[in-house]
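Here is a brief report on one protein chain. Look over the fold before reading on.

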Amino acid sequence: MKKLYLVPIFLSGALSCDRVSGPRLAPGTASPELASSAQPADPPPAHPVLAGHGTATIDGVLSPGEWDTAATFTFDVNLPGGGTTPGTLYVMDDHVNMYVALSFARGTVDLGNSFDVQFDNDDSGFPYANGDDVLVVNPDFDPPLIDDVRTNAPPCPPGRRPGTCGFRDVDLGGTNDGQAAFHNDGATTVYELSHPLDSGDPNDFSLKPGDRVGMAIFVRMIAGSNFPDDFGDTDFPEFGEFLHIRIRG
Ligand SMILES: [Ca+2]
Ligand SMILES: [Ca+2]
Ligand SMILES: [Ca+2]
């Protein structure tokens, strides 16, 4: 029997890889179902629409020049035990793939590490819809990238709102598309991933040059067993918000 899991659930390096993750709704924000019934065609973005063009090598290393032409976002990454460290998110694409990297200062490799990317496939600004793409990276996985999708179709329980459940693409007849890598060199933690712009898998986004896609991330470090003190959890942007990416191609 396929394992079932409801969202929002956050993945950690210490938990089962059968879970999908994604940004949580902010307290007081509309439910996915309510929001999806009242989507404006082009909501005013809380964040600028950015685009980057380039091709990355998915090896966990930000090589000189590799991400110079990416769209970048800087933010504070929460650390286990308190405090923050500066982080940078990079996004770019070429004719084939989207590439995403995250780097932040960290002098050690924590017990658990995960980096989750939730897409708003049509950049409507409202989570969540059936078919919204989700990528989960965890160095403890083999392969380290799990390609998921949100849906309320079976095996999601009947009556759930669109996008409520998350499943692995491969459990819905789809394919695990993309690559990911994680590396810490003693000073900096780096995640890199790639995902096809148009894999042909209905469980993935299908993007072409000029299209916009929404993106939100969640990063987690686990330094021990005490929650929340030993956990460093960060949503970017805030709960319920999405970055806006334009595909350059
Ligand atoms: Ca690289
Ligand atoms: Ca897929
Ligand atoms: Ca997918």
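Helices here are DSSP runs of H or I with at least four residues, and strands are DSSP runs of E with at least two, numbered from the N terminus. On that count the protein has one helix and 13 strands. Keep in mind that this is a predicted model.

**Overall layout**

Along the sequence, the pattern reads α-β-β-β-β-β-β-β-β-β-β-β-β-β. The protein has 249 residues, and 44% of them are buried. Take the contacts between residues at least 6 apart in sequence: 63% of these join residues at least 24 apart.

**The open sheet**

Five strands make up an open sheet. Their order is E2-E3-E4-E10-E9, with antiparallel pairing. Strand E2 (71–78) and strand E9 (179–184) are the edge strands, and each pairs on one side only. From one strand to the next, the twist averages 15 degrees.

Inside this sheet, E3 and E4 are neighbours in the order. E3 covers residues 84–93 and E4 covers residues 97–105. Seven bridges join the two antiparallel strands. Met92 stands opposite Tyr99 in E4.

How much of E11 is buried? Ten of its eleven residues are, so E11 is largely enclosed by the rest of the structure. The cut-off for "buried" is 20 or more other C-beta atoms within 10 Å of the residue's own.

E11 spans residues 212–222.

| Strand joined to E11 | Bridges | Facing residues |
|---|---|---|
| E5 (residues 112–120) | Nine | Phe119 and Met215 |
| E12 (231–236) | Six | Arg220 and Asp233 |
| E13 (residues 243–246) | Four | Gly214 and His244 |

Met215 of E11 stands opposite Phe119. Arg220 stands opposite Asp233 in E12. Gly214 has His244 in E13 as its bridge partner.

Where does Asn226 lie? Asn226 sits in the loop between strand E11 and strand E12. Is Asn226 buried or exposed? Asn226 counts as exposed, because it has 11 C-beta neighbours inside 10 Å. The cut-off for "exposed" is 12 or fewer.

Asn226 and Gly81 are 145 residues apart in sequence. In space, their C-alpha atoms are 10.0 Å apart.

Terms used: Residues are numbered from 1 along each chain as its sequence is written. Chains are lettered from A and ligands numbered from 1 in the order in which they are written. This is a predicted model: local features need pLDDT of at least 70, side-chain atom pairs count only at pLDDT 80 or more; totals for chains, interfaces and linings use all residues. Two strands pair if DSSP finds at least two bridges between them. Axes are lines fitted to C-alpha atoms, for helices over the stretch in contact, and angles run from 0 to 180 degrees between N-to-C directions. Two residues are in contact if their C-beta atoms, placed from the backbone, lie within 7 Å.
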